[in-house]
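Take a walk through this model, one region at a time. Keep the viewer open as you read.

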Amino acid sequence: MSVADDRPWPAPAKLNLFLHIVGRRPDGYHELQTCFQFVDLCDDIRIGVRADGEIHRTRGAAGVSADADLCVRAARALKAATGSALGATIDVTKRIPMGAGLGGGSSDAATCLVALNRLWGLDLPSPDLAALGLSLGADVPVFILGRAAWAEGVGERLTSLVPPEAPAECNYLILKPNVFVSTGQVFQDPELTRNSPRITIHGFLASGGRNDCLDVVRRRYPEVARALDWLSAHGHARLTGTGACVFVALESTGRFAEIVRELPPEFDAYLVRGLNDSPLLERLSAA
């Protein structure tokens, strides 16, 4: 039996405003420095609490089995960690493209952890949820924190930060070329820069940083290179994460309409607003 809650729980996308790779750990993971900015492009997740203890998914990402779905894995991990006798029916409406560097899967997992922590009456503190989420993906903790953040380590050491270009939460144009980028392949590429000097938050605020994955992604994925070259004619085009999405900050929404009129057919375009606070926090308060 499922107790339904028709109000969706939002799972926002993110942008990496820069990404430096400053080392590699003995376990093979990379040490990073980055700044996460949320945007208002969101997946919607509806969750019903089940008294029978089972975890069911009624809808999710196309081509992803229920066992591989990060929402299902998150629910099972939370249930195993807490011993909760309750279950959940999970329905995900996907809007964030996959393989795009926007963190959709990690955000979905984080939203499920936050929502079920409340709906199951567990009341785990955010650091405990973040530690559990880290086992599902390096980006999950920032979505649980719910604040734009400076990140280090594999992305789990977080300091809340208002990005320099977004004190008023500016608009962005995101382009999605028709290609799926494998994060694993990018990080395994022998030509990837892995020794960038560490910078401070002050240094980032002064310089803006860069994306150390850019050269590898341009070489491996010509579609992303074309998107970057095309968008560069309209501003400072950047790669988010390992891509495939590229983005540029806009001075006005009217500028978006001007650019999209010239958009090549092989690209999808999204107009989004930067968010320093995740909409998940507001939904959590409403719950």
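**Pocket, helix pair and backbone**

By class, 22 nonpolar, 19 polar and 7 charged residues make up the lining of the largest pocket. Here Ala, Val, Leu, Ile, Met, Phe, Trp, Tyr, Cys and Pro count as nonpolar, Asp, Glu, Lys and Arg as charged, and the others, Gly among them, as polar. This is a predicted model: local features need pLDDT of at least 70, side-chain atom pairs count only at pLDDT 80 or more, and totals for chains, interfaces and linings use all residues. Residues are numbered from 1 along each chain as its sequence is written, and side-chain values use heavy atoms, with hydrogens and water left out.

The largest pocket has a volume of about 1300 Å³. A pocket is an open set of points on a 1 Å grid over the protein atoms alone, where a 1.4 Å probe fits, with protein on both sides within 12 Å along at least five of seven lines; lining residues have an atom within 4 Å of a point. The volume is the space filled by probe spheres set on the points, which are joined across faces, edges and corners. Of its 48 lining residues, Ser 106, Gly 137, Ala 138, Asp 139 and Thr 183 are the closest to the centre. Strand 2 (9–24), strand 3 (30–50), helix 1 (70–82), helix 2 and helix 5 (183–188) each give two or more residues to the lining. Helices (H or I, at least four residues) and strands (E, at least two) are DSSP runs, numbered from the N terminus.

Now look at Asp 139. It is found in the loop between helix 3 (126–134) and helix 4 (140–145). Not counting residues up to four places away in sequence, Asp 139 touches Lys 14, Phe 36 and Ser 106. Contact means heavy atoms within 4.5 Å. Lys 14 is 125 residues from Asp 139 in sequence, yet their C-alpha atoms are 9.5 Å apart.

Turn to the helix pair. Leu 113, Val 114 and Asn 117 in helix 2 meet Leu 129, Leu 132 and Gly 133 in helix 3. The residues of this contact divide into 4 nonpolar, 2 polar and no charged.

Two backbone details remain. Most residues other than glycine have a negative phi, and most peptide bonds are trans. Asp 123 has a positive phi, near 60°. Asp 123 sits in the loop between helix 2 and helix 3. A cis peptide bond joins Gly 243 and Ala 244, with omega about 25°. Ala 244 lies in the loop between strand 9 (238–239) and strand 10 (246–250).
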